[in-house]
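Trainee: Could we go through this model together, one question at a time?

Mentor: Gladly; here are the sequence and the structure.

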Amino acid sequence: MCTSIADLWEAEMTTPTADIDESSARIESKTELVAYLDAGSKPRADWRIGTEHEKFGFTTADLRPLPYEGKASILAMLEGLRDTFDWEPIVEGGHLIGLKKDGASVSLEPGGQFELSGAPLETIHQTCNEVGSHLAEVRQIAQPLGIAFLGTGASPLWSLAETPVMPKGRYRIMTEYMDKVGRLGRQMMFRTCTVQTNLDFGSEADMVKKFRVSLALQPLGTALFANSPFLDGRPNGFLSYRSQIWTDTDPDRTGMLPFVFDQGFGFEQYVDYALDVPMYFVRRQGKYLDASGLSFRDFMAGKLPILPGELPAMGDFEDHLSTIFPEVRLKRFLEMRGSDAGPWSRLCAFSAFWTGLLYCDQCLDAAWDLVKNWTDAERESMRQGVRTLGLRTPIPGGGSMQDLAKQVLELSRQGLRNRANLSTSGDDETGYLTELDEIAKTGLTPADRLLARYHGPWNRDVRPIFTEEAY
């Protein structure tokens, strides 16, 4: 059993690799699943911030994506970090597929996207330092190998066929299933990168309010951080192509979750939703068993065809929750999932933005006042609009997403100011919002700025992004 907050978050944020213990207690009722989520409630003093970000690795000599094996490869990066900085290896099927240390983990997405899942930390200063330290370690290993990394929401140059495949069992199952449920699932798996922040709640009521506010404002997060205007070496017609991909990936497990705004929503209703999301896999005896399209409800009744008569363990439910991909995801914390990856400064800004908004009761209430009258259709319309219009997207009641950005950023700043967490130089956490303030002031998203360079000094050549925007 996890005995500390750090242990709990590590167990939930790290990609599962250990097998489900055959002797584990089995789930006998939905009530146990509701209690599992409810156990995530924490007193305010224990609320933490976890930042996750993904990035594309490439060879600097020829701008090619990193294969799993070879001199300049994902494996070489993992081995270098392990041996130089004392990360503990995560191995699956004889392959080194990740690392963990001090509550954080380094893992791989299907196309080799390199991900840091940060430890649960108390302040934005700490989480920003963690991201900076990770990128410094990455550069120290990468530079002698002729490797660099790029933080954008979508792969700007390489085709799907050119993108490598990582040796992780769950990805084979997911890839085959994706083609059955949407047109862009493979694009999501192999050609996108995101930034996420994971935040705590104090009670079921607190979870509900935070879930509703953050879900309603995910389109704003998409617009502020829109950073994927290129694909296959040219503009793709979107400011956030990553967001476009998520609209045609798998409708059973993605989207804006209108039921979250229904009266009576709580942990039980989210469990009901999760149980109705088709499964991907079950882990047994070191292998991923293909359960794609099967029902977790049948599993709980002992009627899963691939494991007849067997009931799931809680680890199976944890795995299942990790295969659900809405714009905000509930585990024993809330994950903000609506934004494109970016440079170091915006990774810090991302966590600061959501922390200031959701960890201040007064600011959270004020944000709810801004969004509480929006309809399901209006929220979905904004989600669709920001992919191409960014901060020019209209909002209900008049005005634009740019106007909303200014209002919400002021609330976030107030929340960060109220936290009064000072750095060693005496600065509070509000400084991390500076770049977002400029975006809101000008109305130009990061993607708008990239497109201006593409049509201007880059002379319609996307390749300069690998030098000007690389970590």
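Mentor: Let us start with Cys363, which is buried at a relative accessible area of 1%, where buried means under 20% relative accessible area, exposed over 50% and partly exposed in between, with a 1.4 Å probe and protein chains only. The model is predicted, so local features need pLDDT of at least 70 and side-chain atom pairs count only at pLDDT 80 or more, while totals for chains, interfaces and linings use all residues. Residues are numbered from 1 along each chain as its sequence is written, and side-chain values use heavy atoms, with hydrogens and water left out.

Trainee: Does Cys360 count as buried or exposed?

Mentor: The relative accessibility of Cys360 is 7%. Buried means under 20%, and therefore Cys360 counts as buried.

Trainee: Which cysteines does a disulfide join?

Mentor: A disulfide is a pair of cysteine sulfur atoms within 2.5 Å, and by this rule the count comes to one. The pair links distant parts of the chain, with one cysteine in helix α4 (residues 124-142) and the other in helix α13 (residues 344-358), 220 residues apart; helices here are DSSP runs of H or I with at least four residues, strands are runs of E with at least two, and both are numbered from the N terminus. With an S to S distance of 2.0 Å, the disulfide joins Cys128 to Cys348.

Trainee: Which residue's backbone oxygen lies 2.7 Å from a polar atom of the side chain of Ser214?

Mentor: Ser214 lies in helix α7 (residues 204-216) and is buried, with a relative accessible area of 0%. Leaving aside neighbours within four places in sequence, Ser214 is in contact (heavy atoms within 4.5 Å) with Val328, Met336, Trp354 and Leu358. The backbone oxygen 2.7 Å from a polar atom of its side chain belongs to Lys210.

Trainee: Is Asp102 buried or exposed, and what about Leu257?

Mentor: Asp102 has a positive phi near 55° and its place is in the loop between β3 (95-101) and β4 (104-108), while Leu257 has a positive phi of about 50° although it is not a glycine. At a relative accessible area of 71%, Asp102 is exposed, whereas Leu257, at 5%, is buried.

Note on methods. Polar contact = N/O pair within 3.5 Å; in protein donor to acceptor, adjacent residues only side chain to side chain.
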